[in-house]
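The tour below moves from one selection to the next and says what is found at each stop.

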Amino acid sequence: VLPKQNGRVAIVTGGTRGMGFETARHLASLGMHVIIAGNEKEEGRAAARTIRGDGSTGRAEFLYVDLTSLKSVRQFVQTFRSRGLPLHVLVNNAGTMLVPERQTEDGFEFHFALNYLGHFLLTNLLLDVLKQSGKHGQCSRIVNMSSATHYSGIMLMDDLNRRKQYSSHGAYAQSKLALVLFTYYLQEHLSAGGFPVTANAVDPGMVDTALYDNLWSLAQAAKKPVAKILFRTPAEGAAVAIYAAAAAQLEGVGSCYLYNGEKRRSADASYDSELQAELWKKSCQMTGLH
């Protein structure tokens with residue numbers, strides 16, 4: 001049972017479909033004003049209409065952003081800021097998996113850019129709004145969508161774009177490990193400053209979403225019967241993000257890696273404070289943040 005969120009504002013990236021849509025829909029049902037951030041305009045507007053038609057007590061609207069483009073992320077933040085809205089919840093949900101080797105317009109490896117770096121920039125550009133919107137006893141919350149794949153992730157700090165030896169699985173795992181490292185380092189900054197904002201990473205488990213569309217054809221065929229038995233539905237996968245965004249039990253609690261609503265130990269590498277700091281510094285350089 002989650003408390004009502006009337007008057008609170010949330011941004012959910014990748015909220016047009018799958019777990020992102022289910023997260024947005026549920027937060028709106030709790031009374032939130034939810035902004036769906038995505039790069040599919042028609043799909044995004046349709047998602048917002050569907051949520052509004054559900055009879056939610058909250059609001060839903062769509063704003064365009066391409067998280068693989070640093071310019072687009074900055075434009076999105078500028079548009080959001082022009083609205084003068086507070087921001088109480090940021091769910092960094094958008095992602096991709098097992099994409100063949102490719103670079104973004106800014107020259108970054110695709111998994112790293114979409115899953116992590118775009119969210120790193122988005123979060124930092126919105127951080128002052130989150131700080132101003134939160135208050136002690138009712139903190140603003142940042143929820144980063146990681147994956148159990150991060151346990152096999154290796155941060156190649158001298159080659160974050162993985163140009164030397166590309167592996168789609170390795171690139172995906174690295175991006176999800178980066179999100180956990182980012183979560184812990186960010187929470188340390190927030191706690192040290194006494195800011196009323198928490199940051200947590202969540203693991204939704206194996207969920208039957210469009211993320212698996214990049215599997216090669218035989219793997220796709222093999223996955224379908226297995227998914228019906230073993231995989232979670234998007235609504236089930238979204239539950240952990242919704243819990244992190246709204247549960248009373250997590251009020252004021254940060255630096256968690258959550259699975260099934262419980263705190264779990266993340267990969268050993270994710271607790272490496274030097275690695276956290278080095279990734280933060282390189283991420284600032286890549287995105288042009290001071």
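Helices (H or I, at least four residues) and strands (E, at least two) are DSSP runs numbered from the N terminus, and axes are lines fitted to C-alpha atoms, for helices over the stretch in contact, with angles running from 0 to 180 degrees between N-to-C directions. The model is a predicted one, in which local features need pLDDT of at least 70 and side-chain atom pairs count only at pLDDT 80 or more, while totals for chains, interfaces and linings use all residues. Residues are numbered from 1 along each chain as its sequence is written, and side-chain values use heavy atoms, with hydrogens and water left out.

Stay on α1 (residues 18–29) and pick threonine 23, which is found in this helix. Threonine 23 counts as buried at 0% relative accessibility, where buried means under 20% relative accessible area, exposed over 50% and partly exposed in between (1.4 Å probe, protein chains only). Not counting residues up to four places away in sequence, threonine 23 touches Val12, Val91, Ala238, Ala241 and Ile242, contact meaning heavy atoms within 4.5 Å.

How many residues of β5 are buried? Six of the six are, so this strand is largely enclosed by the rest of the structure. In a regular strand the side chains alternate between the two faces of the sheet. Colouring β5 by side shows Ser140, Ile142 and Asn144 on one face and Arg141, Val143 and Met145 on the other, all of them buried, and both faces are covered.

Leaving aside its neighbours within four places in sequence, histidine 169 is in contact with Leu98, Thr149 and Ser152.

Two helix pairs follow. Two packed helices are described by the angle between their axes and the distance between the axes. For α5 (residues 168–193) and α8 (residues 273–287), the axes come within 9 Å and cross at roughly 95°. That makes α5 roughly perpendicular to α8, given that angles under 35 degrees count as roughly parallel, over 145 as roughly antiparallel, 65 to 115 as roughly perpendicular and the rest as oblique. To display the contact, select Ala178, Leu181, Phe182, Tyr184, Tyr185, Leu186 and Glu188 of α5 with Leu275, Gln276, Ala277, Leu279 and Trp280 of α8.

The second pair is α3 (residues 70–82) and α4 (residues 110–133), whose axes come within 9 Å and cross at roughly 25°; α3 and α4 are therefore roughly parallel to each other. The residues in contact include Leu70, Val73 and Phe76 of α3 and Leu121, Leu122 and Leu125 of α4.

End at two loops, looking at backbone torsions. Most residues other than glycine have a negative phi, and most peptide bonds are trans. Arginine 162, in the loop between β5 (140–145) and α5, has a positive phi near 50° and is buried, with a relative accessible area of 9%. Asparagine 260, in the loop between β7 (257–259) and β8 (262–264), has a positive phi near 55° and is partly exposed, at 44% relative accessible area.
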